[in-house]
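Please examine the sequence and the structure shown below. The paragraphs that follow treat selected helices and their contacts in turn.

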Amino acid sequence: MNIRIQESIRESIDVKQKILSDEALMSRVQAAADAMVQSLKAGGKVHFCGNGGSAADAQHLAAELSGRFYFDRPPLNAEALHCNTSYLTAVGNDYGYDLVFSRLLRGTAKKGDVIVGISTSGNSKNILEAFKAAKEMGLHIVAMTGASGGQMKDYADILLNVPSTDTPRIQESHIMLGHIFCELVESTLFSR
């Protein structure tokens with residue numbers, strides 16, 4: 001078997017083992033789920049944002065909540081902020097890419113909503129601008145980042161910082177943690 005394949009799998013397992021051993025991080029995953037439940041129960045929304053692979057993760061997790069996760073149940077109000085390409089390209093062109101998430105958030109979010117920003121570096125400017133807007137508007141801010149938390153840690157109410165600096169390993173763990181909080185949200189709000 002190819003040695004690099006084995007190394008990649010071991011590296012992924014090692015990062016997940018570190019997460020499993022970090023009780024404080026596990027507690028913050030529960031806190032993120034609790035914030036989402038509280039918002040959704042109050043008629044709020046969960047907004048997701050990210051760039052590149054993190055945009056794919058944002059869209060994936062929004063779909064798990066708005067569609068279904070483990071079982072059939074009513075849809076939940078969750079959306080990824082990058083999905084309207086006409087909006088994204090117009091605002092990127094007219095105002096700058098740094099404002100694409102914050103501008104949409106100002107038009108669609110309300111106090112008590114949750115925003116989940118996903119960035120392996122924690123330094124994505126458009127997510128930082130969205131977090132600034134979210135702070136002003138009274139949203140709960142969840143940052144999913146790599147080990148350092150980057151600049152996003154300064155705005156986050158809940159920091160889910162994966163203990164790694166390796167982008168693929170961080171992204172693998174982001175989707176795992178996202179699946180966990182989707183399961184917690186779904187099982188708290190609905191019975192099978």
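How are α3 and α7 oriented to each other? The model under discussion is a predicted one, and in it helix α3 spans residues 53-66 while helix α7 spans residues 167-189. The two pack at an angle of about 15°, and their axes lie 10 Å apart. Angles under 35 degrees count as roughly parallel, and α3 and α7 are therefore roughly parallel to each other. The crossing in which α3 passes α7 is right-handed.

The residues that form this contact can be named on both sides. From α3 come Gly53, Ser54, Asp57, His60, Leu61, Glu64 and Leu65. From α7 come Gln171, His174, Ile175, Gly178, His179, Phe181, Cys182 and Val185. Sorted by class, the contact of α3 with α7 has six nonpolar residues, seven polar residues and two charged residues.

Attention now turns to helix α4, which covers residues 85-94. Its buried residues are Tyr87, Leu88 and Val91. Viewed down the axis of α4, these buried residues fall within an arc of 100°, so they line one face of the helix. The face of α4 that is turned away from this buried side carries exposed residues, namely Thr85, Ser86, Thr89, Asn93 and Asp94.

What covers the buried residues of α4? The cover includes α5, which runs over residues 100-108. Helices α4 and α5 pack at an angle of about 115°, with 9 Å between their axes, and their crossing is right-handed. On the α4 side, the contact is made by Tyr87, Leu88, Val91 and Gly92; on the α5 side, Val100, Arg103 and Leu104 take part. By class, the contact of α4 with α5 comprises five nonpolar residues, one polar residue and one charged residue.

Ser12 is located in helix α1, which consists of residues 3-21. Is Ser12 buried or exposed? Buried means under 20% relative accessible area, and Ser12, at 12% relative accessibility, therefore counts as buried. When its neighbours within four places in sequence are left aside, Ser12 is in contact with Arg169 and Glu172.

Notes
Residues numbered from 1 in each chain as written. Predicted model: local features only at pLDDT ≥ 70, side-chain atom pairs only at ≥ 80, totals over all residues. Heavy atoms only, no water. Axes fitted to C-alpha atoms, helices over the stretch in contact; angles between N-to-C directions. Helix = DSSP H or I, 4+ residues; strand = E, 2+ residues; numbered from the N terminus. Parallel < 35°, antiparallel > 145°, perpendicular 65-115°, else oblique. Left-handed = near helix turned anticlockwise from the far one by under 90°. Contact = heavy atoms within 4.5 Å. Nonpolar A, V, L, I, M, F, W, Y, C, P; charged D, E, K, R; others polar. Buried < 20%, exposed > 50% of the residue type's maximum accessible area, 1.4 Å probe, protein only. Arc of directions from axis to C-beta.
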